[in-house]
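Here is a short note for a colleague who is opening this structure for the first time. Please read the points with the view open beside them.

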Amino acid sequence: MHINFRMFACLVAPCLLLATAAPAIAQEKTGIKEGFVLKPGSARIAMLEPSVRVGEQSTGGMFEPNADWTDQAKENIEQQLRASQANLGNEIVRLDIDTIPEGKELTRYHSLFGAVADSVIEYQFFKGNRLPSKKRSEAFEWSVGTDLRKIEALKGYDYILLVRTKDAYGSTGRKLLQAAGFLAAAFTGFGTVVSSGEHTGMAGLVDIETGDLVWLNADLAMGGDVRTAEGAEKRVGQLLEGFPGAPGAVQ
Amino acid sequence: MNRPLLAAAGALLISTGAAAKEQPLPPFTLGYEPQTVDERGMWSEADEWEKSVKSSTLRVDDEGLNAYVREVLCKTVGTDRCDGVRVYVLNIPAFNATMSPNGMMMVWTGLLLRARSEAELGAVLGHEFAHFELRHSLKGFQARRSASDVLAWTQVLGNALQVDTRNSQFSLIGSLFRFNREQEKEADLLGLDYLAQSKYPSRSASEVWQHLMEEADATATGRKIKKRHRYRAGFFDTHPTELDRADYLLEQSMAKGDTGDAGAASYYAALSPWLPKLLEDQVRLNDFAGTEYLLNSIAATTGWTGELLQARAELFATRGNPRDLITATTLYLNAIDVGHSRPATMRGLGLSLVKSGKRSEGAEYLRKYLEAEPGAPDASLIRMYVPDERTAK
């Protein structure tokens, strides 16, 4: 009756992290809907609260959330997103979900975007995972459904921009374990590959009229220390890489 | 079979002696703020989760019901304590409640249907509150982290030295589940302290588990599977067994010796506006014998009300054997006799009659259903059974 659902995951995850070598080599990072063009300067984009999680990675590989780092990173990332608006060449307005009457619906869409984005990363960006019917097609066809336009608070906007990051900095213990696994290979010949740290992020653009995901940028190994202003600038730069419609963006 | 029984009896004798002294409740601070890095991290994640729970479609967004569950919590743990908790009722037809480190309590509707009194509900809510007060989420997190740290080193070093560490890994994993079971027992016992100090009788805590076992037995009989209750928890069990809990909770409450009004009548009176919905969801679980058991247990307190008759009728109509339709028809008629003639009653009765071959009699009731609910989602389907409606629309 207490929360145990994650217990299995927590037990199994460290083992997996130890067993697998550096992941995600042959992975695509950006998807864009076929033929999609955003005219620079004319689109109105609503941005939802970025989802930011920052913490440490324990020796055994568990995520240890850190409230201070998370707050700091949230502030840094929001600030960098505001600063980079000029570079995107469009009007971007930050929507505060808590204060709009349809916050409930929007929160649910927020979760849905996350689920769709996860599917894109899993089943589109990793070519080997593609469904049989999509194996040969390079088409980028993902949607959250057409009801998005019914949300009153989104009237007047053309797109929604979503940003999500998760950072788990390798703890000292994790780094020692990594070194031990490496040294063991040198001295005994039986090493273990231990990855340290996890830095993932994604940014996506959804067409409010059709509900289509028109652009997604996701990376499972991102750079920039989001706890610092400079790092957050680098991170936001990476997140918005290839943003359609930005002046000078590759279309 | 005898040895675990003896061992459990021995353990109970020891613990009874310890409980004879009245245990004071642990100190409690209102508006507690998380202290360490770990705790602040867990609270911050839980706060984010709570935001999504608030907007979840699973949430029963009914102020009255949420307020009532909260009231029972407050009566159990005391008003000073319950101020630190937000209660969310979730529409999930299974027996459960959960507690987050930041004071978010989630109560599933299946629990509301199964509790038979305010005291039984309070026993479960008090148990959840005890997890919060004892900071079990934090301690559990730290235990998992320590164990996985050791596990990781065991793997790397074992690999380097080519030593088989599977046994140590296995016992580490086992120790985590055992740790969780110990936390659950700790929460059970503190929950019992709350109940004993409230106006509710602490004996109700044991009854919760007795009733769950009876229901499981009924379900097992209905599904022709083996009934199974054990004292000893298995390796991967996160909680003590139901039998164990029923046993030690009864023993402890006898030691406390408190009495009080469990509030059965007031419980069903307060629950009555939501009972039809809870019963409807239960009937859909396709657990005929278990649902029969639940209906009978509620009727033992409230008598066979229209709502219960209707739910029982739906249960038989859903199974739908020819003889079940006769029972269903009778039960629908009985419900109408006691003044329960909702549109759903007309619909169920009409369909049972039509399926039994009594088309014209059934059509009469279905017409009444359509008159009451012309815009019902299944209206066009139902019209097919009503001759003149079929041609008119």
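1. A term comes first. A nonpolar core is a set of buried Ala, Val, Leu, Ile, Met, Phe, Trp, Tyr and Cys residues joined through C-beta atoms within 7 Å. Keep in mind that this is a predicted model.

2. Start with the largest nonpolar core, which has 75 residues. B:Leu73 and B:Val107 have the most contacts inside this core. Helix α6 of chain B, residues 118-133, gives the most to the core, with 8 residues. Both domains of chain B take part: domain 1 (32-256) and domain 2 (277-392) each provide at least three residues.

3. Which residues does B:Val107 touch, leaving aside those up to four places away in sequence? They are B:Val69, B:Val87, B:Val89, B:Leu90 and B:Ala97.

4. Another core lies apart from the largest one.

5. Now look at the division of chain B. Domain 1 covers 32-256, and domain 2 covers 277-392. The C-alpha centres of these two domains of chain B lie 37 Å apart. Their contact takes 13 residues from domain 1 of chain B and 13 residues from domain 2 of chain B. On the domain 1 side, α5 (109-114) and α9 of chain B each supply at least two residues. The largest share of that side comes from α9(B), with 7 residues.

6. Helix α9 of chain B (residues 203-222) also pairs with helix α10 of chain B (residues 242-256): their axes come within 8 Å and cross at roughly 160 degrees. Angles over 145 degrees count as roughly antiparallel, so α9(B) is roughly antiparallel to α10(B). The crossing of α9(B) past α10(B) is left-handed.

7. Which residues meet where these helices pass? On α9(B), they include B:Arg203, B:Ala205, B:Trp209 and B:Met213. On α10(B), they include B:Glu242, B:Leu243, B:Ala246 and B:Leu250.

8. From the N terminus on, the elements of chain A run α-β-β-β-β-α-β-α-β-α-β-β-α. Chain A has 251 residues, and 39% of them count as buried. Take the contacts in chain A between residues at least 6 apart in sequence: 73% of these join residues at least 24 apart.

Notes
Residues numbered from 1 in each chain as written. Chains lettered and ligands numbered in written order. Predicted model: local features only at pLDDT ≥ 70, side-chain atom pairs only at ≥ 80, totals over all residues. Buried ≥ 20, exposed ≤ 12 C-beta atoms within 10 Å, placed from the backbone. Helix = DSSP H or I, 4+ residues; strand = E, 2+ residues; numbered from the N terminus. Domains from an automatic or database assignment. Contact = placed C-beta atoms within 7 Å. Axes fitted to C-alpha atoms, helices over the stretch in contact; angles between N-to-C directions. Parallel < 35°, antiparallel > 145°, perpendicular 65-115°, else oblique. Left-handed = near helix turned anticlockwise from the far one by under 90°.
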